[in-house]
Amino acid sequence: MNVNYRLAVTAVMVAALAGCSGSAERRRQANQDFNYLETAPLSSWNSPSGSAATLSNEYAIPPKEYPGAIGRAVDIRPPQQVLALIPGARTVNNSDGTVSLQLVNSAELDELWTLTKRMAAERNIALDVNTAQTLETGWVNWNNEDEDTAISSRYRISRASANDQNLYTIKLLDWREAGVEKPVSLVNQERYSILMTNLVMAKYDAYEREKARLRAEELVKQIPITMGQDRSGLPVIIARAPYNVFWERLPSLLQSLGFTVDGRNRSQGTIDVSFRNPDDSFWVDLGIQPLQLENREYKLQLGDLGNRTSITVTDEDGKPITDEALESIAPVLAAVIDKDNQK
């Protein structure tokens with residue numbers, strides 16, 4: 001590489017990194033001067049003597065007070081948004097900075113309420129008030145890089161079910177900067193109420209994902225495995241389970257049979273594996289004939305057939321394995337599933 005070109009690239013990188021660094025205040029403010037604050041106030045237009053003024057209201061600015069921050073007090077950080085992690089829930093950003101979630105039903109609200117208290121316990125957040133309808137937290141500490149000091153805040157979390165509305169509301173009550181209590185601005189009221197809401201939303205999402213995983217494992221316990229044919233009349237393995245259920249369960253089944261999962265692509269339905277045949281005692285314990293496969297790499301191709309999933313297998317050269325080898329896999333998968341059901 002040309003030395004001058006290398007130096008130029010290095011200079012650009014240093015300049016870019018310098019632009020990304022700096023104080024938290026700089027990250028919140030526009031990267032310009034504030035000379036506009038020194039602009040002289042508008043004065044009345046004085047027409048020259050003897051001239052006739054032509055007036056137009058096309059560009060007239062209506063007299064009005066426009067409250068808001070100016071200069072260095074303007075916060076240019078993008079606004080926070082509530083994560084849409086609860087299906088059917090609607091977010092309401094209230095004018096006072098509080099955040100409300102309108103949930104589909106009361107059962108969902110009860111579940112979110114329980115998870116809120118569980119999250120508080122896991123994060124060592126004290127609950128100074130803990131009633132059936134209201135929670136008030138102790139001080140929650142935030143350490144954000146775009147703040148000059150450590151931030152702490154207290155919250156009131158409430159729920160209400162009435163007139164087919166199920167509301168979950170978070171309101172920031174008190175505010176501290178570097179351990180000193182201060183009034184909270186509307187901007188911070190909104191920003192940190194949403195941050196707290198997103199903590200709860202993330203907890204809810206993780207809980208629902210875990211439930212889905214356990215439900216999938218339960219469904220996969222009863223999966224008949226048989227041989228079938230594709231549209232071309234070629235043999236395929238048929239698992240009588242939906243694609244998304246079988247996809248989650250298959251890797252652990254393969255690993256128990258001597259396969260190592262090297263890679264997966266869910267959208268393409270492919271699983272790359274390496275096979276090492278277990279010893280004879282494994283097959284005796286399983287009560288089934290060994291797989292008719294050599295110790296090498298293979299690719300499994302899964303197909304979505306609605307309430308069923310098809311499986312074909314090719315070797316590392318992309319050639320389909322023999323019919324006998326494919327037919328040996330079906331009873332082995334069925335035996336492993338049956339063994340798991342007995343645990």
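Residues are numbered from 1 along each chain as its sequence is written, and side-chain values use heavy atoms, with hydrogens and water left out. Because the model is predicted, local features need pLDDT of at least 70 and side-chain atom pairs count only at pLDDT 80 or more, whereas totals for chains, interfaces and linings use all residues.

The largest nonpolar core has 35 residues. A nonpolar core is a set of buried Ala, Val, Leu, Ile, Met, Phe, Trp, Tyr and Cys residues joined through side-chain atoms within 4.5 Å; buried means under 20% relative accessible area, exposed over 50%, and partly exposed in between (1.4 Å probe, protein chains only). The residues with the most contacts inside this core are Ile-225, Phe-246, Leu-250, Leu-293, Leu-300, Leu-302 and Ile-329. At least two core residues come from each of β10 (235–239), α5, β12 (270–275), α6 (280–286), β13, β14 and α7. Helices (H or I, at least four residues) and strands (E, at least two) are DSSP runs, numbered from the N terminus. Helix α7 gives the largest share of this core, nine residues. A second, separate core of 30 residues includes Val-82, Trp-142, Ile-157 and Tyr-204.

Leu-293 touches Phe-259, Phe-275, Tyr-298, Ile-321, Ala-325 and Ile-329, not counting residues up to four places away in sequence. Contact here means heavy atoms within 4.5 Å. Ala-325 is placed in helix α7 and is buried, with a relative accessible area of 4%. With residues up to four places away again not counted, Ala-325 touches Gln-292 and Leu-293. The C-alpha atoms of Ala-325 and Leu-291 are separated by 6.9 Å, although the two residues are 34 residues apart along the chain.

Empty space was then examined. Rolling a probe the size of a water molecule over the atoms shows where such space is left. On a 1 Å grid over the protein atoms alone, a cavity is a set of points where a 1.4 Å probe fits but cannot get out, and a pocket is an open set with protein on both sides within 12 Å along at least five of seven lines; lining residues have an atom within 4 Å of a point. Grid points are joined across faces, edges and corners, and a volume is the space filled by probe spheres set on the points.

One cavity of 30 Å³ or more is found in the whole structure. The largest cavity holds about 90 Å³ of space. Its lining consists of Ile-237, Leu-250, Leu-254, Phe-259, Leu-293, Tyr-298, Leu-300, Ile-311, Val-313, Ile-329 and Leu-333. Two or more of these residues come from each of α5 (243–255), β13 (297–304), β14 (309–315) and α7 (323–341). The lining has eleven nonpolar, no polar and no charged residues, where Ala, Val, Leu, Ile, Met, Phe, Trp, Tyr, Cys and Pro count as nonpolar, Asp, Glu, Lys and Arg as charged, and the others, Gly among them, as polar.

The second largest pocket has a volume of about 210 Å³. Of its 14 lining residues, Pro-79, Gln-80, Val-187, Glu-190 and Arg-191 lie nearest its centre. Five of the lining residues are nonpolar, five polar and four charged. Helix α4 (residues 186–220) supplies the largest share of this lining, four residues. Ser-193 also lies in helix α4 and is buried, with a relative accessible area of 0%.

The structure holds six aromatic pairs. Rings of Phe, Tyr and Trp (its six-membered ring) pair if their centres lie within 6.5 Å; planes under 30 degrees apart count as stacked, over 60 as edge-to-face and the rest as tilted. Trp-113 and Tyr-168 form an edge-to-face pair, 6.4 Å centre to centre with 80° between the planes. Trp-113 lies in helix α3 (residues 106–122) and Tyr-168 in strand β7 (residues 165–177), so the pair ties together parts that are 55 residues apart in sequence. Trp-113 is buried at 3% relative accessible area, and Tyr-168 is buried at 1%. The rings of Tyr-243 and Trp-247 are stacked, because their centres are 5.9 Å apart and their planes at 25°.
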